Amino acid sequence: MGGSDFPLNSPEGANPAPSAPNQSPSERSWSWPWGYLESLVIVAAVTIGGLIAQFLFGPRPTFLLSYPLNLILALILIAFLFLTRIFKKVLYFLASAPLAVVLMAFMALWGLAMGLIPQLDPSAPAPETIWGILGFFQITSSWAFSFLYLLVLVSLGATVIRLSPKRITVFFSHLGLWLVLLAAGLGAADRQREIMRVMEGSFEWRALDEGKRAEGAYKDLDLAIRLDDFIMEEYPARIALFDPKTGRSWPENKPPVLLQIDQAALHKTQKLGDYAIKVLEYLPNAAPMGDNRFIRVMFQGSVQAALVEAKNLKTGQTFQGWLTPGGGRLPPNPLILEKDGLVLAMTRPEPRSFVSKVKIFTIEGQEVESSVSVNHPLAAGDWLIYQRDYDAEAGAFSLWSGFELIKDPWLNLAYAGFGLWALGCVGLIVKGGPRKP
Amino acid sequence: MTFSYGLGLLSAILWLSGALAVLAKRRSLGVYLTLAGTLVAGFLIAFLWVKLARPPLRSMGETRLWYGFLLALSGLGAYRRWAYGWLLFFVSLVAGVFAVINALRPELQSMALPPALNSVFFIPHVVMYMLSYSLLAAATIAAIYKLRRQGQEGIIALKTLKAPKDEVKEKAAKAKELETFIHHSVRAGLGLLTLGLISGAVWAKLAWGHYWSWDPKETWAFVTVTAYLVHLHLAANRRTPLPTLTLLTLPLGLLFLMITWLGVSYLPTAPASVHVY
């Protein structure tokens with residue numbers, strides 16, 4: 001494969017350095033243009049410098065990358081990149097493939113460490129071991145990782161400056177990735193995340209203060225949410241054998257065998273352990289009626305229920321009864337299969353969707369009436385509002401809805417980056433690379 | 001034995017016998033058998049889609065089904081274009097092995113799709129990844145084949161000094177063709193891999209609130225993409241000292257890829273992941 005794709009480090013024309021005649025660049029270290037050896041030394045030195053800084057000063061403080069310091073750093077970075085256009089040799093080295101390869105290899109090593117060592121929250125105290133002190137449990141907030149990340153931004157930025165925009169595929173991928181890394185890295189500390197729980201039919205403007213979660217403290221936000229309705233749809237329930245002594249599904253230590261119970265399963269016999277199960281009746285909306293009997297109802301607060309018959313294939317004994325997973329104030333109703341103590345029970349139905357109908361009031365007077373659901377956040381003011389959770393015990397009967405509010409001033413920059421990067425990838429697929437080898 | 005289980009087993013048998021046929025130099029029979037296995041797997045995907053009333057992409061077994069299908073499909077496409085018998089052999093073999101794994105680990109196919117997966121990104125995200133995995137697997141097979149050939153050629157090189165010129169030329173042309181194949185499959189594979197990652201990031205922003213959280217699966221995806229980027233930059237740079245190293249990054253990348261896809265659940269970092277299923 002030729003080197004025609006990335007002429008980032010081609011010595012010809014790009015290298016006015018007075019290197020000694022009859023000596024190829026690779027033969028003499030630290031003469032321009034720098035290559036793999038010089039890159040390796042520099043990147044290793046930056047890493048070791050980061051580890052020493054970690055040892056001396058502890059983890060990198062968050063405020064160093066918060067507004068306005070992160071913005072200043074971004075401007076310095078861009079100014080520096082444009083300045084390198086004067087010092088061409090520096091620019092060519094920073095944009096060179098050898099430096100990129102070595103940097104990526106080191107970043108991949110940090111990635112491997114992160115993928116193998118369970119990471120702690122950056123705000124948590126690090127363990128008092130040598131690995132803990134050197135930041136291996138909080139890699140993303142360690143000095144070494146941050147220095148390398150910055151060097152990646154420098155090297156990638158230099159590449160963008162060097163590349164001709166005419167080579168659109170390569171240019172878009174590099175510029176896109178650079179924008180994403182800039183927004184993700186320098187924007188990390190500016191991201192704000194709040195958690196709010198709203199009761200149905202009422203207003204809320206206070207978020208749970210994560211820092212003082214233990215004291216149950218709240219803080220006021222610049223917007224209020226009114227929860228008008230919380231609607232949850234469920235999948236048809238399923239049934240399984242349970243051991244009442246352990247409360248777990250049977251057989252133990254195996255993934256539960258679940259039978260789907262719905263209209264399609266009616267009057268069919270399905271095998272479950274030693275039992276043949278037949279669904280005689282299925283009511284998606286039911287309420288108990290008198291002595292262990294269920295009827296179809298049309299009001300809110302109904303539960304799923306099914307009349308089933310279980311035949312023990314070994315003894316021939318037959319059991320019949322109504323099953324319901326319960327919900328609201330209604331307890332679950334299992335079928336007791338006496339002999340071995342097993343019971344047949346309906347599992348809690350899985351949610352198909354849950355939606356909160358809300359009205360948002362921002363402090364500036366903006367009012368938004370809409371709904372929030374998983375995968376469909378709602379924008380109001382500077383916030384994106386996400387459906388987070390609900391009262392899992394109550395399920396569809398939940399009286400409150402939990403929201404996550406996220407503010408990320410750098411988000412549009414990241415999206416722009418993702419867009420350009422994706423276009424670059426399409427080019428890579430379609431053309432199989434910028435030029436044929 | 002259910003109908004879908006039978007179809008899965010049938011595709012396994014067809015693919016494995018396809019691989020055997022190629023090995024026995026019955027190439028056109030191998031193509032037909034592999035094609036038949038692929039059609040059966042494609043039918044199985046369609047059947048499950050209708051039966052479960054959702055795209056069959058949720059569980060590990062379901063992604064393995066897509067992988068086998070797309071791997072065999074890209075292998076057949078590559079065979080049509082390049083006529084590499086060894087590639088067809090490995091592709092049928094790997095697709096067959098994955099189908100056998102699925103037959104050995106039958107899953108209970110639940111109809112339930114958690115709300116987080118109910119998104120326009122769900123299908124493109126997984127399908128682009130599976131297609132990319134199959135292309136990168138093909139590139140790795142080619143890289144290992146080339147590494148072996150290079151080892152042999154070192155010995156042959158001395159003999160070819162006396163060989164007729166046409167023979168040397170032909171060998172050089174074949175080596176060049178193999179390079180082109182690796183070049184194209186890596187680039188298409190990496191492009192799709194990155195598109196899978198970008199679509200996943202945008203989806204994560206909509207579903208979880210942030211586009212990148214260093215979740216273990218994301219971390220391993222980062223390592224994988226970075227490894228392939230290293231390959232791309234090594235391959236594109238004419239001052240690369242070791243061409244063998246460039247080729248070796250491909251099996252390494254595939255190892256990371258397999259950890260990302262199948263291995264993360266077994267790592268000490270797994271409990272923190274929202275991607276374990």
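How many residues does helix 7 of chain A have, and how far does the helix reach from its first C-alpha to its last?

## Helix 7 of chain A

In this predicted model, helix 7 of chain A (residues 168–186) has 19 residues and reaches 26 Å from its first C-alpha to its last. That is close to the 27 Å expected at 1.5 Å a residue, where the expected span is 1.5 Å times one less than the number of residues. Helices here are DSSP runs of H or I with at least four residues, numbered from the N terminus.

Of those 19 residues, 17 are buried, so helix 7 of chain A is largely enclosed by the rest of the structure. Buried means under 20% relative accessible area (1.4 Å probe, protein chains only).

## Where the chains meet

Let's turn to the interface. Here 55 residues of chain B are in contact with 69 residues of chain A, contact meaning heavy atoms within 4.5 Å. Between them the two chains bury about 5,300 Å², 68% of it on carbon and sulfur atoms; this is the accessible area (1.4 Å probe) lost on being put together, summed over both. On the chain B side, B:Tyr211, B:His233 and B:Arg239 lose the most area to chain A, together 14% of what that side buries.

Helix 6 (165–208) and helix 7 (216–236) of chain B each supply at least two residues of the side that touches chain A. The largest share, 20 residues, comes from helix 6 of chain B.

## Reading the model

Residues are numbered from 1 along each chain as its sequence is written, and chains are lettered from A in the order in which they are written. Local features need pLDDT of at least 70, and side-chain atom pairs count only at pLDDT 80 or more, while totals for chains, interfaces and linings use all residues; side-chain values use heavy atoms, with hydrogens and water left out.

Conventions. Buried < 20%, exposed > 50% of the residue type's maximum accessible area, 1.4 Å probe, protein only.
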